[in-house]
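Please read it with the sequence and the coordinates at hand.

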Amino acid sequence: MKAHDGMYIDGDWRPSAGSSTIDVVNPADEQVIAKVPAGTARDVDSAVAAARAAFPVWAATAPADRSARLTALRDALAARRDEIAETVTAELGAPIGFSRKVHADLPIAVAGSYAELAASYAFEEKVGNSTILHEPVGVVGAITPWNYPLHQIVAKVAPALAAGCTVVLKPAEDTPLVAQLFAEAVHETGLPAGVFNLVTGLGPVAGQALAEHDGVDLISFTGSTAVGRRIGAVAGGAVKRVALELGGKSANVILPGADLTRAVKAGVANVFANSGQTCSAWTRMLVDAARYDEAVELAQQAAAKYVPGDPGHAESRLGPVVSAKQRDRVRGYIERGTAEGARVVAGGPDAPGGRERGYWVRPTVFADVTPDMTIAQEEIFGPVITILKYEDEDDAVRIANGTVYGLAGAVWSEDEEEAVAFARRLDTGQVDINGGRFNPLAPFGGYKQSGVGRELGAHGLAEYLQTKSLQF
Ligand code: NAD
């Protein structure tokens, strides 16, 4: 695959200050498909300096001009749709159909949404005898994970640019190629040099240098809770703004009168998409005692349709997980689930048949799961679904809210009002009612340890603004 051997800093591709590289591996067959530079603290310094220098001019541009640049960025991404999809399939292992529809089309839509919001957002408002100015925060350090690699980049960079901030991006080391494609698209839009900068590299080196940098005003991080906690502490110490989008263990609550077949099918599809590597996945299915066995059977049947297959083939529905580390982690959880007494009704810890190479995990369904089990508490981040039984609505609320996370969730009911009343009792940032579609304008983010701050839409833009009040 095509790769740049430099960093995109101050409007150009430049050699790294160091000489180390990172191998980019195709998780379907373990082939090294490219090498990218492993950025150093000096690269981060250069990128932050470029972003600082570019900030005053970019912050002062008219919102309509920023909107025009974001429209150009949306168009530049759209022109690369196939290349984006093929790149994500190669470095993440997502099936090509999913890569086109989600990994490419979603960020294109989000870039478009910020082109519109940059033009329509009220950057000034009147309150009594005051005029409130919503001004850009400054230089943004964006640190992103590998699971939705372009979406997570665009969900940070597009609102930051719309707000008038400048950006240094440190993408995940597993998926740097689509980040380079993004930088190419930015370059094509003719953004002033230094407004957007890319430093590829390892988390504890380049990521940490960015999070700790004095020249960064806001850190926006998506990834594991462990790293998020450290970044939050560093930002707190420096009195720096911080947004954290961390893990999840979302509940899919099927209320007694709901269409069970539809709810179970949608629930299984939700978890197995992207090989279970979705922070908002509904990894805990909650079913009432009377219909529990039926739900387990339906889930087993639905899971049988997810046969691991070559991600490059149009008909594949389930690819590998991203890395050997992730495969071992997921298989470890499957073993732990069995050891703690849960019943495997589909899948299991072994490699799927015929897959000697690559980071494959069998799509796995666990029944007889109780809320205290590790697999019902911790984020597995693989194609593993747990099915839990509840006695009544209060019990379902207790189980649904009974983890440290609160990112997403679902409620199914024959009565929409009943579903909404239930959703109000959930400690979580998003709830899909009866299979409601993902809305790229709705605020996305966590309650409890799932994070701080919101992404997407107007709420996502507000994260990159600070307010000044003028009194008359
Ligand atoms: P991670 O938190 O280690 O990595 C996310 C990003 O942070 C990457 O760009 C990484 O380079 C960077 N990073 C790592 N250490 C850093 C440090 N000390 N300072 C600054 N930046 C640092 O996540 P991971 O190892 O890729 O995945 C581990 C687990 O995280 C997953 O199994 C999953 O549970 C969770 N995860 C959650 C999400 C999400 O969207 N909520 C996404 C990816 C991973």
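Three strands, in the order 5-6-20, form an open sheet whose pairing is antiparallel; strands here are DSSP runs of E with at least two residues, helices are runs of H or I with at least four residues, and both are numbered from the N terminus. The model is a predicted one, in which local features need pLDDT of at least 70 and side-chain atom pairs count only at pLDDT 80 or more, whereas totals for chains, interfaces and linings use all residues. Residues are numbered from 1 along each chain as its sequence is written, and side-chain values use heavy atoms, with hydrogens and water left out.

Strand 5 pairs with strand 6 (residues 130-136) in the antiparallel sense over four bridges, and Val127 has Ser130 in strand 6 as its bridge partner. The two strands form a hairpin with two residues between them, and Gly128 in the turn has a positive phi of about 55 degrees. On the other pairing, strand 6 and strand 20 are antiparallel over seven bridges, and Gln466 in strand 20 is the bridge partner of Glu135. Six of the seven residues of strand 6 are buried, so this strand is largely enclosed by the rest of the structure; buried means under 20% relative accessible area, exposed means over 50%, and partly exposed lies in between, for a 1.4 Å probe and protein chains only.

**A helix pair**

Two packed helices are described by the angle between their axes and the distance between the axes. The axes of helix 2 (residues 63-79) and helix 6 (residues 177-188) come within 8 Å and cross at roughly 130 degrees; such axes are lines fitted to C-alpha atoms over the stretch in contact, and the angles run from 0 to 180 degrees between N-to-C directions. The two helices are therefore oblique to each other, given that angles under 35 degrees count as roughly parallel, over 145 as roughly antiparallel, 65 to 115 as roughly perpendicular and the rest as oblique. Leu73, Ala76 and Leu77 in helix 2 meet Phe182, Ala185, Val186 and Glu188 in helix 6, with contact meaning heavy atoms within 4.5 Å.

**Single residues**

Most residues other than glycine have a negative phi. Two exceptions are listed here.

| Residue | Phi | Relative accessible area |
|---|---|---|
| Asp10 | near 55 degrees | 33%, partly exposed |
| Phe381 | about 60 degrees | 12%, buried |

Asp10 lies in the loop between strand 1 (6-9) and strand 2 (12-15), while Phe381 lies in the loop between helix 12 (374-377) and strand 16 (384-390).

Asp288, in strand 13 (residues 284-288), is buried with a relative accessible area of 8%, and, not counting residues up to four places away in sequence, Asp288 touches Ile254, Pro256 and Tyr390. Tyr359, in the loop between strand 14 (343-346) and strand 15 (364-369), counts as buried at 11% relative accessibility. Leaving aside neighbours within four places in sequence, the contacts of Tyr359 include Val25, Pro27, Glu30 and Arg327.

Notes:
Pairing = 2+ DSSP bridges.
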